[in-house]
Amino acid sequence: MIKFITAEEVLPIRNEVLREGKLTLDECRFVNDEKESSFHLAYFVEEEMACIASFHEQSYKDFQGSAYQLRGMATLEKYRGKGYGAMLVNFAITYLRGRQVNYMWCNARKRAVPFYLSVGFEIVSPEFDISGIGPHHVMYVKIR
């Protein structure tokens, strides 16, 4: 089941999956997490949060139209490969389409590129490195 959750609720999984448990929860916050237009989703398996993602209203470079950046997508190890992340992204795309958003983009870790390609994103940048995290590509999906 997919639910809207608070910014606070995403922090434990963000830290565990994306920062290997090395940061405090406070260090896992993003600048726009609490912005009124931002939202956070989680996929629950029974009562356990299995997958999370945050969405911030943010355009990408010279791309035209209204946009959201997908940030901090993470799935607990035991739930990977079950399609929960794809369901979460597809839910967000449908939700944003209803809000008249034109596209969504993300800085995808190199190892996550195949996942994003599988849910309709395309690569729109050369590979670049985020210090301490690793190689990434900017990826984009048209919503409307």
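Two strands count as paired if DSSP finds at least two bridges between them. With that in mind, Ile-2 has Tyr-43 in E2 as its bridge partner. Please remember that this is a predicted model.

**Strand E2 and its partners**
- Strand E2 covers residues 39-45, and six of its seven residues are buried.
- On one side of the pairing list is strand E1 (residues 2-5), which runs antiparallel to E2 and is joined to it by four bridges.
- Strand E3 (residues 48-57) also runs antiparallel to E2, with seven bridges joining the two.
- Phe-39 has its bridge partner in E3, namely Phe-55.
- E2 and E3 make a hairpin with two residues between them, and Glu-46 in the turn has a positive phi of about 55 degrees.
- As a general point, side chains in a regular strand alternate between the two faces of the sheet.

- You can find Arg-99 in the loop between helix H2 (84-98) and strand E5 (103-109).
- Beyond its neighbours within four places in sequence, Arg-99 is in contact with Ser-37, Phe-39 and Tyr-68.
- The side chains of Arg-99 and Tyr-95 are joined by a polar contact of 3.2 Å.
- Arg-99 and Glu-47 are 52 residues apart in sequence, and their C-alpha atoms are 29 Å apart in space.

Definitions and conventions: Residues numbered from 1 in each chain as written. Predicted model: local features only at pLDDT ≥ 70, side-chain atom pairs only at ≥ 80, totals over all residues. Heavy atoms only, no water. Contact = heavy atoms within 4.5 Å. Polar contact = N/O pair within 3.5 Å; in protein donor to acceptor, adjacent residues only side chain to side chain. Buried < 20%, exposed > 50% of the residue type's maximum accessible area, 1.4 Å probe, protein only.
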